Amino acid sequence: MTLDTRQHILLSIIGHLGMLGIVVLAYTLWLERGTTFDASLYSYTIILREYFYIPHDRWINYLWQWIPIIGVKSGVSLPVFLTLMSVAPILFIYAIFVLITHGFRNAMAGLYLVLSLLILTRYKFYSAISEIYLSTVFVALMVGWMTMDRGRFHRFSKGTYIFLGVLITGLSYLGHPLIFIPLGVVIFFDFLMLEQWKSWAHIIWAASCSLLFAIKYFSVTSTSYEGNIIDSFQKGLSDQGFLKGTSELYTVEIFCNYVETQWAFPLLVCFLMLLYLIAKRKILAAVWIVIASIFWILFVLHFCGYLQKPVLFMIEGYFGVLSLVILLPMLYINLDKPWLRNIRAGIIICLIIFGLHRISTVRPFYTKRIADMKQVLAVNEGAASRNLIAPMNAMVYDKYWFVWSVPYESFIHSSLRQSGETSILSYDSHPSESLFNKPVEVMLATDKDSIHLMNTAYFDVDVRPFVWVKR
C-alpha cells in the first residue's frame, strides 16, 4: 500500500508506540514471562549450559537467546537474567517491525504485525519463548514485502523481487512449523486481491511455502507433539462424524465465550473490513478469508480438543494466529478522504490499547500461581530436604493448569528468595520410589544434564533425596 508522507509518519509513530507498549509489558512482567511453563525450562537450561537451548529445531530461538546468554556469561544477577529472557524476544520482534516499517517503508504492514501480537492474545503473552507467537514476524515480513511500494526498490528486477520473497518464505523454516499455514493464506490472499492469474511470483512463493512445510513436518513436526495433533486432525477430516464430534468438544465452549466477550471489539473491526472487500467486489478474497478462518478455528478446536477445563494458556496461543488472517484486509484498504484516514488511525490506536489492557488483566492468574508455589515452599522449609513432592489433586490442576514445569519454576522462584537456597517442588501422586532414596542427579521432567554442573552463582542446589510434604 502506498501512503503519503504524512500518513506514513503518523502510522509509523502509532506502530512504535504500540511496540513500546509491548516492550514495557515484557519488562514489567519479567517474573511471570521468564519463569512460567516452558519459559522456566528455557531459563533453567540456558543458565545450566550457558548456551542456546533449541528444542524441536525451533531455530528462531537463535535470533534472541544470545542476549540472555551474554548476560549469564557476564554474571548478571538472576532477576536481571530473567528480565533479559522476557525482553529479548520482544526486542527481536521490534527489530523486524523497524525493518518492515522503515526498510520496506510499509507502515501498515508494521501495524499489521503489532496488532497481530495484541488483539487475540492474553495468557500466551506470559510465555516469553512461545515460538508460535514469535513466528508471526515471518508472516508480517512476507505481507510487508508483497504490499510495499515496489518503486522503493525499482533497481530490483522481477526475478530478484521473487527470489527475495522466496528467502523471506524460507525464514519461516526457523520458526514454528504451523506458521506455514497462515503464511500460505496470506500469499494466496494477495494473489486474489491483485487478480493477476498468471503471477509467477505467487506461484513460486506458494510452492516454496508448501515444500518447506512438508520438509518441516516430516523432519521435525512428526516427532513433536504438534505432529500427533495434526495426524489426529487429518484423521478426523475423513471421519463422517467429524463435524458432530467438533460440536461436542469443550473447546467450542471456550471459543464461543471468547467471541462474545474477549474478541468482540477486534472481530467487529475485522468484520467491517470484510464488508469493505465485498463492497469493492473482491468476493473471492473475502471468501478466502472466511474459509481460512473457519479452517483455523476447526483446527485449533481439535488441536486442543483434549482439554476438559479452560486451560487458556494453551488454546490462546493457537487461536492468536487467527489474527494474521482476519487482519489481512487492512493492508489493502485505500482511503481517499483525510477524515476517514484519521478514523482508521483512531481505530488502530484503540485496538492497541485494547490489546495491551487485555494482556495486563490476566496477570493475577500468574501472580496467584507463583504465590501458591512460594507458600508451599515456605510451609515446608523445615523438611528433611529442600526437594519436595506434593500429591496432585483437582485444586492444584485448577491453579496450575500444567504441573510438569513446576520443578523448574520452583527451582527459580526459591533461588530468588533472600536466603537463596534452591528448592525443587513437584506435584505427583505416584512418584518413583527411587526419588526418595537416591540423591538428585538430574532435574525432573525433560532435562538430562547433571544438576551438579549448575552455576552456583545463581542456585544453591540440595542434592538430598526427595521427601513427601504437605500443602
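## Salt bridges and one buried aspartate: exercises

A search of the whole structure finds 10 salt bridges (a side-chain nitrogen of Lys or Arg within 4 Å of a carboxyl oxygen of Asp or Glu). This is a predicted model, in which local features need pLDDT of at least 70 and side-chain atom pairs count only at pLDDT 80 or more, while totals for chains, interfaces and linings use all residues. Residues are numbered from 1 along each chain as its sequence is written, and side-chain values use heavy atoms, with hydrogens and water left out.

**Exercise 1.** Find the salt-bridge partner of Glu316 and state which parts of the chain the pair ties together.

Solution. 
- Step 1: the partner is Arg122, with the closest N and O atoms 3.1 Å apart.
- Step 2: Glu316 lies in helix α17 (residues 312-319) and Arg122 in the loop between α6 (107-118) and α7 (131-134), so the pair ties together parts 194 residues apart in sequence. Helices (H or I, at least four residues) and strands (E, at least two) are DSSP runs, numbered from the N terminus.
- Step 3: Glu316 is buried at a relative accessible area of 1%, and Arg122 is buried at 9%. Buried means under 20% relative accessible area, exposed over 50%, and partly exposed in between (1.4 Å probe, protein chains only).

**Exercise 2.** Locate the two ends of the salt bridge between Arg369 and Glu409, and classify their burial.

Solution. 
- Step 1: the closest N and O atoms of Arg369 and Glu409 are 2.3 Å apart.
- Step 2: Arg369 is in helix α20 (residues 363-379) and Glu409 in helix α22 (residues 406-415), 40 residues apart.
- Step 3: Arg369 and Glu409 are both buried.

**Exercise 3.** Describe the surroundings of Asp462.

Solution. 
- Step 1: Asp462 sits in the loop between β2 and β3 (467-468).
- Step 2: Asp462 is buried, with a relative accessible area of 7%.

Definitions and conventions. Contact = heavy atoms within 4.5 Å.
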